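Dear colleague,

Please find the structure below, handed over for your own work. My notes on what was found in it follow directly after.

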Amino acid sequence: MNPYHKTKYGAAFLGDSLQYLVNQKSCSVDLIVTSPPFGLVRKKDYGNVESHEYIEWFKPFGKEFKRVLKPSGSLVIDIGGAWLPGLPTRSLYHFELAVMLCRELGLYLAQEFFWWNPSKLPTPAEWVTVRRIRVKDAVDVVWWFSVTPWPKASNRRVLAPYSDAMRGLLKNGYRAKLRPSGHDISEKFSRDNGAAIPPNLIAIPNTESNSYYLRYCEKHGIKPHPARFPAALPEFFVRMLTDEGDVVLDPFAGSCVTGEVCERLRRRWTCVEMRQEYLEGALGRFERPPKPEQEAMFEEAAQGISYNLHHPAALWSRREEPLEEEGGKTRRINARHRS
């Protein structure tokens, strides 16, 4: 496979990523971070596989992923869930994928993450806004697998600002004691380390509307990739799991968001994508010299931008309406107008 586009640190390839993988050396990649086509009920422009066929479709990729990863390497997969056709119940395909990768192929589940998109619209509309029997689906699972139980990693690379409560504790002091939960909080808890260890809930809105990539696509009459993940998502794992000069692969590259991140962070990268129109748009990501930071993101962080997640009991004082015995099976016209 010849490169479709090359940069200082990496290259994008047009073609089948499985074909690319089988020709690569074993133990040659430090990190695979990707968002493969989801196993959805409805077909999408980017060519997703139906959920009931997903595991068998993915298995050959999984075998190659394990082979090309170094013993210290990691595999990170952003994968959204799916609803069963015509029913307000969920497919298990993304859980079955994790089980297959671990039990059949021998990978380890280092940790599961959850990408919460605060800007996500209330979908699926039929169950959420019409019948009002489910809450909006706003979280993707992000599986972090490893070849051994000890992949290289450091959470010091992805620290978060202290909360107001923690800043108050550091200012006013904290008395070490055994809490009712049984946790023994030592004096070390009040040490100011400059930042907090983040949780495995990653809050990133997916609201790109006027980026250079989109302007480039519009200028050249190219249809943008319809399912891009925000750059901060792969960047979180590239920072935590790799060093400068390490090799990062995205086998389902789409518009090469991962490549753009790695170019900026000076990781050697490879993106593989089957559809030429997506790579044509991806060229806009590398038209300008890479900047050392995403200025807008860090400006927001400096201003203390955060996303509120209300306590579930915030509105429990409201009057409760009686539940429908059939669980919303019958579609009622006035259901849309209920508060």
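Helices here are DSSP runs of H or I with at least four residues, strands are runs of E with at least two, and both are numbered from the N terminus. The model is a predicted one, in which local features need pLDDT of at least 70 and side-chain atom pairs count only at pLDDT 80 or more, while totals for chains, interfaces and linings use all residues. Residues are numbered from 1 along each chain as its sequence is written, and side-chain values use heavy atoms, with hydrogens and water left out.

Helix 6 itself spans residues 212–219, and Tyr 213, Leu 214, Tyr 216 and Cys 217 are buried in it (buried means under 20% relative accessible area, exposed over 50%, partly exposed in between, with a 1.4 Å probe and protein chains only). Seen down the helix axis, these buried residues fall within an arc of 160°, so they line one face of helix 6; the arc is that of the directions from the axis to the C-beta atoms. The face turned away from the buried side carries the exposed residues Glu 218 and Lys 219. Helix 9 (276–282) is included in what covers the buried residues of helix 6.

Helix 7 (residues 232–241) has 9 of its 10 residues buried, so it is largely enclosed by the rest of the structure. Among the buried residues of helix 7 are Pro 234, Glu 235 and Phe 236.

Turning to the cores, a nonpolar core is a set of buried Ala, Val, Leu, Ile, Met, Phe, Trp, Tyr and Cys residues joined through side-chain atoms within 4.5 Å. The largest has 33 residues, of which Phe 58, Leu 75 and Leu 101 touch the most other members. Helix 2 gives the most to this core, with 6 residues. Leaving aside neighbours within four places in sequence, Leu 75 is in contact (heavy atoms within 4.5 Å) with residues including Ile 32, Leu 101 and Trp 143. A second, separate core of 32 residues includes Val 76, Leu 233, Met 240 and Val 261.

Some backbone geometry deserves a note. Most residues other than glycine have a negative phi, and most peptide bonds are trans. Thr 123 and Pro 124, however, are joined by a cis peptide bond with omega about -5°, and Pro 124 lies in the loop between strand 5 (108–116) and helix 4 (125–130). Cys 256 has a positive phi, near 65°, and counts as buried at 1% relative accessibility. Arg 266 also has a positive phi, of about 60°, but counts as partly exposed at 36% relative accessibility.

Finally, the structure holds 16 salt bridges, each a side-chain nitrogen of Lys or Arg within 4 Å of a carboxyl oxygen of Asp or Glu. Arg 90 and Asp 137 meet in one of them (3.0 Å, N to O). Arg 90 lies in the loop between strand 4 and helix 3 and Asp 137 in the loop between helix 4 and strand 6, so this pair ties together parts that are 47 residues apart in sequence. Arg 157 forms another with Asp 243, the closest N and O atoms being 2.5 Å apart. A network of salt bridges links Lys 152, Arg 157, Asp 243 and Asp 246.

With kind regards
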